[in-house]
Every structure is written in structure tokens, then in C-alpha cells.
Amino acid sequence: MAYHHGDLAAALVEAGLELTRSGGPDALTIREVTRRVGVTPNAAYRHFPDRQALLRAVSAAIEARMAAGMERSPTTPRASLRAVGLGYIGFALLEPGWFAVAFFGAGDISPESVVDSPAYLALAEALDMMVHIGDLDPAARTGATWSCWSTVHGFAELALRGPLRHLDRAELWSLAEQAVDTIIAGLPRVM
């Protein structure tokens, strides 16, 4: 008897989210996702031509959740940029499996491949607001993107897999705030 699902593609992505939440990108297999949904592996291939395509869809869903957690503050562009940076680190610390999928599991990681990602767009929006009000030199805008992202991503990696992983959460969060505040303070202002 064949099993028919109302929205099989969405169900497969949802099962992929469950698997990768704790297991990261390596936990995602077509066989396990389809087993969880209750269909044969061949059914998945009607929606996703291969594991990599399913992983990209799961990654996109994770990135959307990540961006939703990066609440931007309406008070000032700098406060908004701070919220984006701390939201990025906070997401990585709360969801290390998903963080690994979003930034290392889905294939293409060229600079061009990230410009549509919700995390990148949140960062770009905050930096664009700073340029707009004259709080960031327009000539420094592109470099600021990568400097900010490198800082929060590097901090997250150090906290998840590096020498900071043994710190208690309060000390770790204090260091995260200091890292974000330091990079924001160092952004070149319009002269």
C-alpha cells in the first residue's frame, strides 16, 4: 500500500531538521529522512534529486530560523548590528548541529552563495543603515561585512569546538558581547 503525504517535500525537510539538529550535516541521509516520514527513498527523489539538494533545502530552513532569532533593535543602527552579531553567536551556541549545516553542510560556500542568506541579509541591512545615517564610511562597507561576519563566526567556532568551549555560559556570553562590541567600535566612521 502506497503512502500519500499532503506536502512530502515539506515533510522531508522537517525530518531533515530533526536529524540535523543534534547530528549536524552527517546525520542527514535520504534513507533515514524517508523512514521518519513513512515513505520509500524513491519518493524523496521526486522532490530532491539527491542528498545534497535535500541538505540545501534543510540549510535554507535553518538559515531562515537563524535570521528570525536575530532580532534587530529599532533604536539605532549600531544597536541593530549588535543584536545581529549576538543573535548569530547565540544561535550557534543553542543549535550547534543546525549551525554546522547552515554554514558547512550544504555545498557552495563562495562569497556569492551567501548574499541571499537571511543571516547575511540581516548583517547587510544593519550595515547599510549605518552608512545611511553617516555612522559608517561607505568605502568601508564591503570590508565591514566580512570583518563583522568573521568575528562572530570565529567566536562561535571557538566557543563550540575551540578553547572557549569549556567556559561557563555567563563568562562565554560576556566574551561574546565584548567581541561584538569591539568590532562595532572599530568600524570606520565617515569623516
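A salt bridge is a side-chain nitrogen of Lys or Arg within 4 Å of a carboxyl oxygen of Asp or Glu. By this criterion, a search of the whole structure, a predicted model, finds eleven salt bridges.

One of them joins Glu14 and Arg65, with the closest N and O atoms 3.8 Å apart. Glu14 lies in helix H1 (residues 8-23) and Arg65 in helix H4 (residues 51-68), so this pair ties together parts that are 51 residues apart in sequence. Glu14 is partly exposed, at 38% relative accessibility. Arg65 is also partly exposed, at 37%.

Helix H5 contributes to two further bridges. Arg78 pairs with Asp135, and their closest N and O atoms are 2.6 Å apart. Arg78 belongs to helix H5, whereas Asp135 sits in the loop between H8 and H9, so the bridge ties together parts 57 residues apart in sequence. Arg78 has a relative accessible area of 15% and is therefore buried. Asp135 counts as buried at 13%.

The other bridge links Asp181 with Arg82, again with the closest N and O atoms 2.6 Å apart. Asp181 is in helix H10 (residues 169-185) and Arg82 in helix H5, 99 residues apart. Asp181 is partly exposed, with a relative accessible area of 32%. Arg82 is partly exposed at 28%.

Aromatic residues were examined next. The whole structure holds six aromatic pairs. In one of them, the ring centres of Tyr88 and Phe99 are 5.6 Å apart and the planes stand at 85 degrees, so the pair is edge-to-face. Tyr88 lies in helix H5 (residues 77-94) and Phe99 in helix H6 (residues 96-105), eleven residues apart. Both Tyr88 and Phe99 are buried.

Tyr120 and Trp146 form a tilted pair, 6.1 Å centre to centre with 45 degrees between the planes. This pair links helix H8 (residues 118-132) to helix H9 (residues 141-161), across 26 residues. Tyr120 is buried at 13% relative accessibility, but Trp146 is partly exposed at 34%. Tyr88, Phe99, Tyr120, Trp146 and Trp149 make up one aromatic cluster.

In soluble globular proteins, nonpolar side chains tend to be buried together. Here the largest nonpolar core has 60 residues. Leu54, Leu81, Tyr88 and Leu127 have the most contacts inside this core. Beyond its neighbours within four places in sequence, Leu127 is in contact with Leu81, Leu136, Arg141, Ala144, Thr145, Cys148 and Leu187.

Notes. Residues are numbered from 1 along each chain as its sequence is written. This is a predicted model: local features need pLDDT of at least 70, side-chain atom pairs count only at pLDDT 80 or more; totals for chains, interfaces and linings use all residues. Side-chain values use heavy atoms; hydrogens and water are left out. A nonpolar core is a set of buried Ala, Val, Leu, Ile, Met, Phe, Trp, Tyr and Cys residues joined through side-chain atoms within 4.5 Å. Buried means under 20% relative accessible area, exposed over 50%, partly exposed in between (1.4 Å probe, protein chains only). Contact means heavy atoms within 4.5 Å. Rings of Phe, Tyr and Trp (its six-membered ring) pair if their centres lie within 6.5 Å; planes under 30 degrees apart count as stacked, over 60 as edge-to-face and the rest as tilted. Helices (H or I, at least four residues) and strands (E, at least two) are DSSP runs, numbered from the N terminus.
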